[in-house]
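Please examine the sequence and the structure below. The paragraphs that follow lead through several of its parts in turn.

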Amino acid sequence: MTMRGGFGAVFGRVGFFFFVLVACVQIALTAPASAQQPTASDFTVTAPYGSTRIDYSFAGHATGGTYRVDTDDYSPLGPSSSALMVSSDPAFYVFFQSPGFIGAGTVRYWTCTSYQQCTGADRADGTITFVPTGAPTPVVTSVAVPVNGSYRAGDPLQFTVNFDLDVTVTGTPRIALNVGGGPRYADYVSGSGTSALVFTHTVQPGDMALSGIAVTGLSANGGTIRTAAQIDANLALNNIASTAGVLVDTTPPKPTANDFTVTAPYGTTRIDYSFAGHATGGRYQVNGSAIFPWGNIKTVLTGSTDPDEFYVDFHNPGFVRAGTAPYWTCTSQQQCTGADRADGTITFVPTGAPTPTVTSVAVPANGTYKAGDPLQFTVNFDRDVTVTGTPQIALTVGTVTRTADYVSGSGSSALVFRYSVQAGDLAPNGVVVGTLSANGGMIRSVAYANANLALNNTGNTSGVLVDTTSPEVQAVSVVGSPPSDVGNVTLEIVFSKPVTGFAVGSITPLPPAGGSAALTNLRTSDNITYQVDFGMTVPGTYGIQIAAGSVTDAAGNGNVAYTNNSVWVRFSDDASLSSIVSSAGALSPVFAPGTLNYTLAVDHDTETLTLTPLVSNSDATVTVDGQAVASGNASQPVPLLVGANVITILVTAHDGTSTQTYTVTATRAPSGDVRLTGLATSAGTIDPAFAPTVLGYGLNVGHEVDSLSVTPTVAEATATVTVNGQAVASGSASQPVALAVGATPIRIDVTAADGTVLSYLLTVNRLAASNASLAALSIGAGALEPAFSPGTSNYTVNLDHDTESLTFTPAVADTNATVTVNGQAVASGTPGQALPLAVGTNAVSIVVTAQDGMSTQTYTVTIVRAGSANANLAGLLLSAGTLEPAFAPGTRAYSVTVDHGVEMLTLTPTAAHANAAITIAGQPAASGAASQPVPLAIGRTQSP
């Protein structure tokens, strides 16, 4: 199958022509090679939905000398069609006017041997089925439900399912309902061939739904709901009206009056109706004055006991609009108050009223719209309509979807919709008008006929452009590559879109101090890229500024402000100095711009130096010793070492490439100061108090001080100092000097920068130790009572019998002291020899002797060892038989069985403790030895 294109009909409108590209489908088949008896088979031809021409061929489906199609059968295929009726060419076509090929259908055809031979065996008949492809799927747009009220057994519940396309029904589709928890169904009644299908359910006795019924789904129920193009509908129910007020109550009520609807054909002059099924009671009455909105003249019977006896009589123009009237029903003429009266409302709705249809849509005038601008659309209907809610027109603005909301026009035939352009909207190719939707509201005639919301004859919006972006300067550059020192260049300014209103006066030049700039000859060829000549007076950095709103785009959006402080820099190559000023000393030779190397001399007290360079060209930059310096300002202080210090001054010209280097060599004299300004020690106080001119000092420290650090501070930072030959930083502590008991000399030597040396001497006297105390005492078992304290000399230790010896670990308070335990020397902090313990009291003496050899202290520990309490056996052997149970120290009773021939038995007990005593049958027995024989009588013998 191949696709072929051509131009279709031209539709005219004042001032505009629209050309529609029409798709044609051609089916190419090869004709028979030779004549044969006519044959005709049924076949199918498919073509895209909406095609305006279908080409097809009988080749491969029929043979004969002539072919004929019954054009009377074409009506299902479209509103207007034509075909070749008789031809010897097997190729035929169907041509449709708007809206094209939208419905499936069949036509009859026949083929004959020739035009003259077309009967009997010379003729064959067949059927062609035409099926459109790609047709839209019908979708449910809304579901109308019964009016709110209480329905009784036998009352009909009617539902109308509205599709967005006309559909055809086969079989009996149905709507599933939930009536008080019981499943019920509303069966299809009518509407095939239209977009509105009617379904009805008759309330059954016993049904109760006092909280309203529920609509749960639509099913084909074995039938079909499809378009003329044979596309099955999507049966999902959308926008189902509320059924919370559709109540079902089949219990016999007191007088009831339900709201109900009476329908009659549009334009009817008389409406007959009945309360039967809607109200119960012995008397019915209608408020006749409320019927005036429906017609010019009315007649209503009131106070009747016949529920079928009411009518409304209209004169011209008859029943043309919907309305409501209150009514009430009573138990009887006499009982018409309180619970004996019920009130309701009758809604009169004309049926078959003309559906309001859109005749045209007026769109905004061509132009470019910016943020905040209104886009107004007027939808014109063929009759007056009433609007509820906020219907909307869908718009496509560039790549986003927007909506034009209903504004005004209810009660007339012209509805106004408006959308305000939002920031960020962009539609350079025009906005696109989509569909009109009720958006939860309604658009209908006064006869309650919902409008057909399809938009017809919509104005062309390809010229309705939207642009909410402000034009911006995207780039500013210099045209070409002019030398850096020229005074005239051409600037190129590029905007993000075409702008108008741009002039030389829109640009503000930004010259350097003391300079000026002129802009001339602004030009452009596309209103996007502009060139302007830029003249400058002095070297320096030049910029431009364009104020916001200086130019506008087609939509009227003003430009974003733009500032560029450096569009061109006019440079100088002068890298010379006009002077160098030193904070100390004098330059040699005297400064001259062309002389690059200088020297100067300063005394030792000058520790830093600043230089003040002055550039010849104010745009040049300068550094001193690598640090940037403002021309004419002093540099950061440059620290000076003793001796020669080379200071570099680098000048860079305005052009950034030309440089000049100056050097100043500053020579600083060395220092001869060898004095100390301070001498501190880590312990004690020197005598006499320190003075720089006093060279000898003494210091007494206690025995606990075994080392000393000295902190000397020099008067001159370049001097060096040593303590006992070890270098020490001024103001820092020396390495600790070990102190023996007695005198220890410490020498401090100071060497000046010029080599001069001065020595100071400190003699430290350290006293011997007299501490004879223990710092700690621990034992190998038990605990000291009281807990050890260096000042407590006497202690007691209680031990059980099993502890046969004990070790002592004394730790002296002074490491130079010595200690003995019961006369035996013991190293401090280590256990001494284990002392054997007798049962009872054991005295231990611990003596500490201080370093001075004279100071001693004695600690006494009294140890009490308890006797043994172990009365257990460790084993028990028999000379015959076996113990039952087996021996265990904790088991006290045993039995043994021996032969009759065993008359004596010895027992060998072993005590768990060697000092325990054993008796057998009252006789002493030695541990581990056999007892005296125990005579055995026949039967049971017990030995304790």
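In this predicted model, strand β78, which spans residues 907-911, is largely enclosed by the rest of the structure, because four of its five residues are buried. A residue counts as buried when its relative accessible area is under 20%. Strand β78 is joined by five bridges to strand β76 (residues 873-878), and the two run antiparallel. Within this pairing, Leu-878 stands opposite Leu-907 of β78.

A second example of strand pairing is an open sheet. Three strands form this sheet in the order β44-β47-β48, with antiparallel pairing. Its edge strands are β44 (507-510) and β48 (562-570), each of which pairs on one side only. From one strand to the next, the twist averages 25°. Strand β47 covers residues 540-546, and four bridges join β44 to this antiparallel partner. Leu-510, for instance, has Gly-543 in β47 as its bridge partner. In a regular strand, the side chains alternate between the two faces of the sheet.

Loops also deserve attention. His-654 lies in the loop between β56 (643-652) and β57 (659-668). Is His-654 buried or exposed? Its relative accessibility is 11%, and therefore His-654 counts as buried. Neighbours within four places in sequence aside, the residues in contact with His-654 include Pro-539, Gly-540, Val-569, Arg-570 and Phe-571. Asn-617, Asp-619 and Ala-620 are also among the contacts of His-654.

Another loop, between β72 (824-826) and β73 (835-836), holds Thr-830. Thr-830 has a relative accessible area of 33%, so this residue is partly exposed. Apart from neighbours within four places in sequence, Thr-830 is in contact with Phe-808, Thr-809 and Pro-810. Thr-830 and Ala-634 are separated by 196 residues in sequence, and their C-alpha atoms are 73 Å apart in space.

The last topic is empty space inside the protein. Rolling a probe the size of a water molecule over the atoms shows where such space is left. How many cavities of 30 Å³ or more does a search of the whole structure find? The search finds one. The largest cavity has a volume of about 50 Å³. Its lining consists of Leu-806, Phe-808, Val-821, Gln-824, Val-826, Gly-832, Gln-833 and Leu-835. By class, five of the lining residues are nonpolar, three are polar and none is charged.

Key. Residues numbered from 1 in each chain as written. Predicted model: local features only at pLDDT ≥ 70, side-chain atom pairs only at ≥ 80, totals over all residues. Heavy atoms only, no water. Pairing = 2+ DSSP bridges. Axes fitted to C-alpha atoms, helices over the stretch in contact; angles between N-to-C directions. Buried < 20%, exposed > 50% of the residue type's maximum accessible area, 1.4 Å probe, protein only. Contact = heavy atoms within 4.5 Å. 1 Å grid on protein atoms, 1.4 Å probe; cavity = no way out; pocket = protein on both sides within 12 Å on 5 of 7 lines; lining within 4 Å. Points joined across faces, edges and corners; volume = space filled by probe spheres on them. Nonpolar A, V, L, I, M, F, W, Y, C, P; charged D, E, K, R; others polar.
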